[in-house]
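Subject: Handover of a structure, with notes

Dear colleague,

Please find the structure below, together with its sequence. I would be grateful if you read the notes with the model open beside them.

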Amino acid sequence: MPEKISKPETEWRQQLTPEQYHILREKGTERAFTGEYAASKTPGVYRCAACGQELFSSDTKFESGSGWPSFYQPIAEKRVDDHEDNSYGMQRVEVTCSRCDSHLGHVFPDGPRPTGLRYCINSASLKLEPK
């Protein structure tokens with residue numbers, strides 16, 4: 001498992017765009033159907049936009065109709081962490097990068113086989129490395 005990355009928030013602010021900082025570090029979200037990767041079909045690996053850790057493969061990306069990039073599983077075990085999220089009066093499961101603890105999105109139990117999961121991830125949390 002990769003070593004944890006911890007930086008002061010001032011460094012994250014310098015490294016990330018304002019939108020990325022809001023989403024990755026302040027648990028924000030982008031509007032549906034506006035993200036760079038929502039409709040992307042480019043093959044490759046999606047990395048954490050904050051630390052570069054490989055998170056998802058385009059092979060597991062699917063069109064969920066949600067307006068955000070959706071994947072049915074991470075690229076490898078322990079690349080993302082799940083956390084209970086009861087904000088805004090909803091019960092959800094937040095997904096963060098296991099290496100830098102940045103907010104990625106949420107995971108829901110309504111995805112396709114083989115996992116039945118839908119990792120609903122903000123485009124601003126990702127950086128695609130095309131094949």
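This is a predicted model: local features need pLDDT of at least 70, side-chain atom pairs count only at pLDDT 80 or more; totals for chains, interfaces and linings use all residues.

Residues are numbered from 1 along each chain as its sequence is written, and side-chain values use heavy atoms, with hydrogens and water left out.

The two sheets

Helices (H or I, at least four residues) and strands (E, at least two) are DSSP runs, numbered from the N terminus. Two strands pair if DSSP finds at least two bridges between them.

Strand β1 (residues 44–48) is joined to β2 by 3 bridges, and Val-45 stands opposite Ser-57 in β2.

Another open sheet has 6 strands, ordered β3-β4-β8-β7-β6-β5, again with antiparallel pairing. At its edges stand β3 (61–62) and β5 (80–85); each has a single partner strand, so one side of each lacks a neighbour in the sheet. Between β4 (residues 70–71) and β8 there are 2 bridges, and Phe-71 stands opposite Tyr-119 in β8.

Buried means under 20% relative accessible area, exposed over 50%, and partly exposed in between (1.4 Å probe, protein chains only). Contact means heavy atoms within 4.5 Å. A polar contact is a pair of N or O atoms within 3.5 Å; within protein, one must be able to donate a hydrogen and the other to accept it, and residues adjacent in sequence count only if both atoms are side-chain atoms.

Gln-53 is found in the loop between β1 and β2. Gln-53 counts as buried because its relative accessibility is 3%. A polar atom of its side chain lies 3.2 Å from the backbone oxygen of Arg-79.

Ser-66 lies in the loop between β3 and β4, and with 16% relative accessibility Ser-66 counts as buried. A polar contact of 2.8 Å joins its side chain to that of Ser-64. The backbone nitrogen of Trp-68 lies 3.3 Å from a polar atom of the Ser-66 side chain. Leaving aside neighbours within four places in sequence, Ser-66 is in contact with Ala-32, Phe-33, Arg-118 and Cys-120.

Val-107 is found in strand β7 and, at 9% relative accessibility, counts as buried. Among the residues that Val-107 touches, not counting those up to four places away in sequence, are Val-93, Val-95 and Tyr-119.

The largest pocket

On a 1 Å grid over the protein atoms alone, a pocket is an open set of points with protein on both sides within 12 Å along at least five of seven lines, and lining residues have an atom within 4 Å of a point. The largest pocket has a volume of about 290 Å³. Its lining has 16 residues, of which Gly-28, Thr-29, Arg-92, His-103 and His-106 lie nearest its centre. Strand β7 gives the most to this lining, with 4 residues.

Definitions and conventions. On a 1 Å grid over the protein atoms alone, a cavity is a set of points where a 1.4 Å probe fits but cannot get out, and a pocket is an open set with protein on both sides within 12 Å along at least five of seven lines; lining residues have an atom within 4 Å of a point. Grid points are joined across faces, edges and corners, and a volume is the space filled by probe spheres set on the points.
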